[in-house]
Structures are given as C-alpha cells and as structure tokens.
Amino acid sequence: MRATSELNHRGADPGIPASVWRLRSDAWEYLRYAVKLLTLDQGASWTDTNRAEIHRSLRTLEAVELYWAGFGQRYVSGIRDLIDGGEYPGALELIERVMLGMRGAGSLDEERPTGESADEDGEPTVPERRPRFEVLIVDEMAPTDRDALKAEMLRMRQGADEFVYELVIVPSFEDALVAVITNPNIQACVLRPGFTANSKQKLGRDLRGYLDRIIGERPDALHALQRVLRLAEALGELRPELDLFLVAGVHIEDLAGTLNRRFRRVFRREDRMELHLSLLRGVRERYATPFFSALQEYARMPAGVFHALPISRGGSVSGSKWIGDMGDFYGKNLLLAETSATSGGLDSLLSPVGSIKDAQTRATRAFGAKKTVFVTGGTSTANKIVHQSIVAPGDVVLVDRNCHKSHHHALMLAGARVAYLEAYPLNEYSFYGAVPVRSIKQTLLDYRAAGRLDEVKMIALTNCTFDGIVYDVERVMSECLAIKPDLVFLWDEAWFAFAAFHPVFRRRTGMATAARLEAQFRSGERAEEFRAQRAELVDPDTGAFAPDEAWLDARLIPDPETSRVRVYATQSTHKTLTSLRQGSMIHVYDQDFQRLNREAFDEAYMTHTSTSPNYQILASLDIGRRQVEFEGYELVQRQMDLATSIAQTVARHPLLKKYFRVLTTRDLVPEAYRETDRPMPLRDGLASFDEAWARDEFVVDPSRVTVDISLTGVDGDTFKHDYLMDRHGIQVNKTSRNTVLFMTNIGTSRGSVAYLIEVLVKLAEAFEDEEEELGPFEQRTRKSRKDSVAVHNPPLPDFSAFADRFRAHPDTPDGTIRDAYFATYRAGSTEYLHLEPLLARVLAGEELVSAGFVTPYPPGFPVLVPGQVITTEILAFMGALDTREIHGYDPEAGFRVLVAPPEPGEG
C-alpha cells in the first residue's frame, strides 16, 4: 500500500508494516548494491553506519520473507552468516539468485519436474515461459516437515503443466492474513487444521491495528473448526479471488457437506496429487479468456471473406498502394482479427451463446455481480442502457446534478421527471464534492409529504467522482431503502472499476454493498433494530410519521422483510483497468431482475448497442478481466502507493511546496461529513485508511492527487496545456481554475512518477527564476494574477429550477427535460443571446430558459439543461470559466434560449 522510507528510517525495527511490496524489493536491491561494493573492496571503506544499514535490511527481510515463496527466512539467515564471515562473493551470489527469482527468471527448486529442461547455469528454462504463482499453506509444521511437503509437491509437477507454483507455509491464523495482505503473488490457500492462532512475528503497529479490525473475535478464543471457518471468511473478505481448500484428517464426509460454500474442495492429507491438480485447475479457470482466445484462433484460420467488411483479413489494406502504412502501424493480427462474422467461435454480442457469454460470466464472478454485460460504446452508452431499462416516461429519478452528461441525455430520452440533487460545493477550488445523505433523505421525505413517493423510481449517483470523492454506499442505500424499500440504485463507477480488487476500496462499491445488504436482509440480523427504530419514527396506532427532523437525524435502518436490493453499476473499464478505448461493463445485482427488468434491459441493450461491435474492444475486456483476477490486488495497492509518494514529495520538497499544495481529505471533505480527522489516511497506514473508509460519510480516493496551483499564478487550463503537455508531455484529464488532477492507475510506474516530480521541480525552478527577475510593477501584476486564480473564483451555481411549464408539482423539484428539449424543434422557438445581453435581461427580471445542454468539458457535467431557468449566478460562473471546450455553447452566437410560448389565444 503506502511506500515510505521505512528501510532507512525504521529505527528500532518497529515490526512488519502493512505496506511491504516496495519495502521488500528495495531491501533486496540495497542489499545487492551494498554487498557488491563490499565484494569489490573487501569492506575496507565501509563504516559502522553502512554495516548497520545492511543488518537493518537483513532484519527486515528475515521478517517479511516468511510470507513469500522460494527463499524464506533460513535463506536470509544464510546470507547473514556469509556477510558476518566476510564471505562477500558467496553472499552476493545468493542475493543475485534472489533478484533473478523476483523477476520470474529463476527458482530455488532443487528438483526438476518431469519434462523440464535446464540451461547451462542449471536454471529451468520452461518455467520462464509459464505463469508462476504462490500457494499459501496454513499449518504449524516443523522445518523438516515443511521441507518434505515442498519437495513432495514439487515432484508432482509435470512438463505439460500450464502453470508453476511454489509454496508459502505459515503457522498461524494471523500469519495467514498477513501473507495474503502483503504477498499479491498468492493465488490459492490451503488450510490444515493444525495451525495456531497468533503470529510469533513482530508485527508493526499499523498491521496489528488492521488485523484487529478485520479479525474481530480473537482467534485463540475459537475452537478448531470455528477458527478454520473464521479464517476462511477473513481470507475471502480480503482476497475473494483466491481459491480456498481445506485438508482435513477426520470426518471429511461431514465437513464436505457443510463447508462447500467456503471452500472449493475438501481433501484428506494423502490426496496430494488431487490437491496439486485442483490448484492448477483453479488457476486455469481464471486464466481462461474465452473470447480473446476465440479471436486469436479465428485470426489463425484460413478464410475467404465474402461479407461486408473490406478490411477483414487485411484485404483492403495489404494490397493497397496507398494505405500500406496502416498495416505497418497496426500490425497483421489486428487486420486478421477484423470480421463481421459471428462464426468460428466468435459469438454475437447482441445474442451471446458461446465465447462472449462465457467471457461475461467470468466477469460477473470477478466483479461480484449477478450479471455483467460488455459495452463497446463507453460508459455513456452503458448509462443510457440502464436508464432506459428502468425508467418509463413520467417516472421520477433523483440524480446528482453534477453527474456525467450521459445521464442527463439518457433521462431526456426516457422522458423521466428529473429531480436534481445538489452536491456540496468546493468553491475555493471550483468543483463539487458529492451529495450528502441528509439531502437525499430530505428529497425523499419531500416526495412522501407531497404524496408522490410512489413515482420515485431510481436514484443515480457518481461513485467515485472525477475528483475522487467516494460515497458510503451502504449508508446511502440503507437509509434510502428505509424510506422507499423498492428504490433502484444506479452507481456510475466510471472511474472506480479498480475498486473491486482491494478490500478497503471494495467495501464502497455498488456490487459488494449489494451482496452485503442481501445477506443482511436474508438473515434478518437487523430486524430487531429496525422494529425498535420504526416504533420511534412511526406511530404504531395512527401510522403518522414523526417530523422530518427525526428521520434526518437518525441513521435509518431498512425493513429486511420489504426492502429489495436493486443495484446497477456502470464502469469504464478502459479508464482504470486494461481495455481498449470505450470498453465498459454494466454490473447488475438486482433481486428482481428476472421478474421485473430482464426484457426491458435486453431491449435497451439492443437499442444502444451496435450490430457491428468492435471485437478488439470485446477481447480487451476479456483479457483485462483475467489480469485483475490475478494481479489486480497488487496493481491497485501499487497505484495508491505511488500516488502517496507524489503527495509526500510535494509536501516535503522545499521548492515544490512553495508553488504547489496537495489537497487533503480536510480540503475536499467538510468536517461535517467526517468522523475521522486524518488529512491523508493512507499515509498514516493501512489501519488508518481502513478506519476512515469504514466510518466517514465521504472519503477521498488516495490514487488521485489534486494539486492546488494558485501560487504559480497560472490557471489550470493553461497549466495543463502550455506547461505540462506542450513542454513536457505530461498528460492529465482534469483541471479547475486553480487545481490540476494527477491520477495514478494500474499502469503507472515508478519511473513515470519520478519524471512527474522532475517536471514539477523544473517548473518550480522556472517560477522561482521569474520571481527573482521581477521589478516592483511586475511583482504587483504577478500578485494580481495569483489572486485572480486563487481568490476570485465565482461561487459554483446550484441548479436553479425548471421553468414552471416543465414542472409537474409545485412542492417537488422535478421537471421534464424531454419536453423542453423537443420544444426547440418548433420553428422560431429559440434565439441566441451573448453573455452581456442575456445577463442584462435576467437582471431586468425576465425569466429566460435554456434550450439545450451547456457542458464544460472536462469534467463533463452540464451547467444548464433544457428547461432550466438561467440565473445571474450561472452566468457569472460561465463568464469566469477558462475551459476551452464547452459543449452546447456557440462562441460566435452565444447561448441558445427558449422563446416564451405564446399566450392562450395568440398566434
């Protein structure tokens, strides 16, 4: 998770930290560097400080290597003995072997599986080309027994095996959890009832705190079977992608009947070959990419093309005298895989029965959904599909006004009555946060008071927002269902697809929350609490509701008997995971899908999905799913760690902090929405991170770094284009007037982070040079520029209102965008006005109404929608915008507004 300078500053070795991935790598790298120098000069120039650093690295590695396969604590102890004895070349040879193994190019296995060959150095050559993974064995064993088990499992390898695995053997419940937290290479766990409860390792305070949070009841207080079950549950919560196996000695038949939901299979101790085959099969099932493999096979097939796609098999390209460079650029495989056929195992996206259906089923499992479908038109299309499938004309939909424009367009097409919710504003930085649950509840209560709650069909919210604000999804859904038990939820997770693959992030995803709520409702575990609270909020005799304030102040509990879990999540796989552009997914966790929505969903999917979908996008979605099932956990924790390192460097560097400031949770989430008070929870450790994400109403995605650039005197759009992109090739998605958003992702490398820091330092040096050369007049001008960027930001405008002619009821805010949109189709119904005359008429008291969507991009949410009343606050905000791209606004003609309809009897 968090990468810090533990290696150099751990002092008295406070124990294993929760953040290990880079610590381990750096410790081995430092050890190789140091021992190599010792080998060259035999330690003549080495100080006590250097030697202390070597031994500190060794102590670190002796602690953490318990949780990795291949080398282990005894191996590190052997290196220590060689160093202490001055045998530096021997120590270096062992360290080099470790580094080779960490790159996947070597192994410590002393025996070779049947059919494997070795190179001239004795290293196996076949495993290099086969994926490697690690298997966790949880059992307290003597060293000789551990060695015997490893040797026996090694002998079962065959040259025809598709994968190679090595064993990590730990003795205790706590060590098992530490292993899966710290070692992302583990892909399967085998529990043997002989394991003990507590670790003998010296765990860091952060890791100890996190373990205490997830374990709950102390494992040493549980009897053997309970301990096995609780460990299985904990492992599943941390890493649900792992295959879990149980090896039992007695009553195996009874256990097999009761544990099948927790374990993939139960074995007797002597079933070693069956265990070996099951480990490989479990990985094989996740590794399979049905559609990607089918597309590869199709590209290898000879074929005659007699359908409507000239580019298929490269036909129109390879023989061309003028576009041969297209084939050179894209390569032959892309052209060979282009087809409009659905034969040869390729399947049809609109009616999948083969490889596409199989690929979507695997994505369903990976993301914890009940149904997943692939979308090749981006999440804009995914949102339109969900809205159309749920919403009928006249249904009321609650929606964050600042959500992506695709939601607004979808609601217009569906003919929904839209009630906009307001997110809390961050006026100082010119962007919005998220919608407080109190505001959502108040809106629902207003509809109940108006007798229209039955018309409210769905709520759509963005989680997480472009700027990284993340909802407490369980709280939102629980409290809303307590007021309207059949409410449908659409979570736009366009920027949050990666969250399913980390235990802390996962808690706040739509799919994981839906599964938890369904389990709660089925078990009735909160039924008594619900009844007690309902007695306080609803008069048992008259049925009268308590005042709204009582409902708003309470943490509402839904009725487990009447509440329905109906949740949809749309994700831009291409934004945060591996996929070609426009690759997205819709995840469904809807208890009533088959009964209420299957046909409508299928029709909506047909409506918005091309009959000629891009097969390359589909294949990339399939293989992107494979990637995150195997290494998603590792990649997500790495992206968080790298983002934290950026934030820490900016905060500590004497020149960078003079011009740049990383915004923290305190800046982005008002105190009213936080129970914890750490500015950057992840920086303080995994336990602090987990606590904030468990308790606070809103949290900030730590993989996003929002930097305040006010002190540079440069506005965000200019900084993005002129300073970052044009000068240094640094690409960013989003800016506000005085901020720049830097996002890490699963493809971010340590080298790219170093380059970003290098560029920021160069820019800061340039600003510093400019400051030194300014005279008094230029200094005043520069200060004025800084003030303009930092202070003179107009307040973010709330949604004003729909014009009365587009509203349904005076006591509720909803309006029909569709009616206003299609009113513009009548000749003479609109006119264009520039900002100044438009402002003058609004100030004069005239009600002017927007005829279309006006959307600054990025971030892509509309400031005006059809039918919305234009206000001076909106115009002031638009006048101050420095965004170069504004959809729906014509810089030549101005704003398009609706002409007032004729009075009855006129015209």
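**Figure 1. Arginine side chains over aromatic rings in the predicted model.** In this predicted model, Arg-448 lies over the face of Trp-551, at 4.3 Å from the ring centre.

**Figure 2. Aromatic pairing of Phe-498 with Phe-505.** The structure holds 35 aromatic pairs. One of them, formed by Phe-498 and Phe-505, is edge-to-face. The two ring centres are 5.1 Å apart, and the planes stand at 75° to each other; the pair is edge-to-face because the angle between the planes is over 60 degrees. Phe-498 has a relative accessibility of 2% and therefore counts as buried. Phe-505 also counts as buried, with a relative accessibility of 0%.

**Figure 3. An aromatic cluster of tyrosine, tryptophan and phenylalanine residues.** Five residues are displayed: Tyr-424, Tyr-471, Trp-491, Tyr-673 and Phe-698. Together they form one aromatic cluster.

**Figure 4. Cys-464 and Cys-480, two buried cysteines.** Cys-464 has 0% relative accessibility, so this residue counts as buried. Cys-480 is likewise buried, at 0% relative accessibility. The structure holds zero disulfides.

Figure 5. Four bridges join E22 to strand E26, which comprises residues 895–898. Within this pairing, Glu-831 has Val-897 of E26 as its bridge partner.

**Figure 6. An open sheet of four strands with antiparallel pairing.** Which strands stand at the edges of this sheet? The order across the sheet is E16-E18-E20-E19. The edge strands are strand E16 (661–662) and strand E19 (734–735), each of which pairs on one side only. Strand E18 (residues 704–708) is joined to strand E20 (residues 739–743) by five bridges, and these two strands run antiparallel. Thr-706 has Leu-741, in E20, as its bridge partner.

Note on methods:
Residues numbered from 1 in each chain as written. Predicted model: local features only at pLDDT ≥ 70, side-chain atom pairs only at ≥ 80, totals over all residues. Heavy atoms only, no water. Pairing = 2+ DSSP bridges. Phe/Tyr/Trp six-rings, centres within 6.5 Å; stacked < 30°, edge-to-face > 60°. Buried < 20%, exposed > 50% of the residue type's maximum accessible area, 1.4 Å probe, protein only. Lys NZ or Arg CZ within 6 Å of the ring centre and 35° of its normal. Disulfide = S-S within 2.5 Å.
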